[in-house]
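Please open the model in a viewer and keep the sequence panel at hand.

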Amino acid sequence: MKCYIATYYKYDNYGTRLQNYALCQVLKDYNITPITLYLKDKRNIKNNVKNIMKKFIALLPEMSQYQKAIKNDEKKRKVFKAFNENLNLMKVNYSDLDKLELENAFAIAGSDQIWSPLHLKNNPMDIKLFFLKFVPECKRFSYAPSLGVDSITDNQKKLYKENITSFSKIALREESARNILCDIIDKEITLVPDPVFLLSCNEWRSKFNYINESKSTDSYILTYFLGEPNSETKKNITEIANNVNMKIINLSGNFYEKDDIVPAPDEFVKLIDKASLVFTDSFHACAFSIIMQTPFFVYQRSDVKQFTRIETLLKKFNCNECHITNKNFNEKTMNPLIYNEFILNKLKEEKSIGIKYLESILKLL
């Protein structure tokens, strides 16, 4: 049997790729063939010229921040392209969706913020993909999609009601999203963990072939910021690194700085696993820190307001003290997170919830 997965496909983002990877791996364990739908870009002449120019600029010496950002994007594109082979991508046009073989197949929408009202407004054609309009209603399921907002308008409520009511089973990632949709959809909505929690720390290590690797003696602090951290944040992290005699490894986020590294998604997990401490503003960096049992501190992003899902994650694992600001930096960093029995049991519980939900889908097929 096949499972078509409708999730984000254009963004070279670690969380986006790794949640997709985790869901694929679990489905394979049940002898399901996962197929991640990858919609082909319909580039016009203007976009083609723009893309060619970016590739040319990437070849030039780094003279401006713009050039650095483009070179960084090219590095990401290359390392993510190699990793994408794990996702069994199927490139299709919107018209091809209606031609998919469905006799021995079903579809899952999720995870990530594929049901974001802003994304759907800016990309209305994605409604067909992310609400699985191309498969019969009895074969439509969701696994942990996110809205990414705390409220929606009346017009948006109508959109969600029209498109989600037809799903056979619905599971979301955040309680705030469930509260929104429960008011407009008369169906059971299950809360499940992000797909990355479907694999344990040792399963991630095994999948990425370093489970038997000896622990490095070269301690380091890892940083991964999607929004650019301010000068005070950088200064504070540098000071703590100097105090504990550790080097800093900076992973490239949505901006570029000198000496940032651009690892492949599997290397991203390994770097978090082997770090002594992680500073981030990323949901998935927090998630992997918890899974790999690495102490971490998380800031609110400086460029967008998307902290609700991180707050939910911290509350669930009783890690509220990991939320940090520059005002409480010195006080908080004196007591990094210790992975106690509650957190370890919660990891097992979350995995069990996700697996049982996926098994409930398979029983309906």
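**First stop: a buried threonine**

Select Thr233, which counts as buried at 4% relative accessibility; buried means under 20% relative accessible area, exposed over 50%, and partly exposed in between, with a 1.4 Å probe and protein chains only. Thr233 lies in helix H9, residues 231–243. Helices (H or I, at least four residues) and strands (E, at least two) are DSSP runs numbered from the N terminus. Leaving aside residues up to four places away in sequence, Thr233 touches Phe225, Tyr299 and Asn326, where contact means heavy atoms within 4.5 Å.

The model is predicted: local features need pLDDT of at least 70, side-chain atom pairs count only at pLDDT 80 or more, and totals for chains, interfaces and linings use all residues. Residues are numbered from 1 along each chain as its sequence is written, and side-chain values use heavy atoms, with hydrogens and water left out.

**The whole chain**

Now display the entire protein, which contains 14 helices and eleven strands. Its radius of gyration is 21 Å, close to the 21 Å that the globule rule gives for 365 residues, so the protein is as compact as a globular protein of that length. The radius is taken over C-alpha atoms, and the rule is 2.2 Å times the number of residues to the power 0.38. Taken along the principal axes, the C-alpha atoms fill a box of roughly 60 × 55 × 45 Å. Of the 365 residues, 51% are buried. Among contacts with a separation of 6 or more, 75% are between residues 24 or more positions apart.

Select helix H11, residues 283–291. How many of its nine residues are buried? Nine of the nine are, so H11 is largely enclosed by the rest of the structure. Its buried residues include Phe283, Cys286, Phe288 and Ile291. At the start of H11, a side-chain oxygen of Ser282 comes to within 3.3 Å of the backbone nitrogen of His284. Just after H11, Gln293 adopts a positive phi of about 60 degrees.

**An exposed lysine**

Select Lys158 in helix H6, residues 154–164. Lys158 is exposed, with a relative accessible area of 54%. The C-alpha atom of Lys158 is separated by 8.3 Å from that of Ile184, which is 26 residues away along the chain.

**Backbone features in loops**

Most residues other than glycine have a negative phi, and most peptide bonds are trans.

- Select Gly110 and Ser111, which are joined by a cis peptide bond with omega of about 5 degrees. Ser111 belongs to the loop between strand E4 (105–109) and helix H4 (117–122).
- Select Asn88, where phi is near 50 degrees, a positive value in a residue other than glycine. Asn88 sits in the loop between helix H3 (65–83) and strand E3 (89–92), and at 37% relative accessibility Asn88 counts as partly exposed.
- Finish at Asn245, in the loop between H9 and strand E9 (247–251). The phi of Asn245 is also positive, near 60 degrees. Is Asn245 buried or exposed? With a relative accessible area of 71%, Asn245 is exposed.

Terms used
A polar contact is a pair of N or O atoms within 3.5 Å; within protein, one must be able to donate a hydrogen and the other to accept it, and residues adjacent in sequence count only if both atoms are side-chain atoms.
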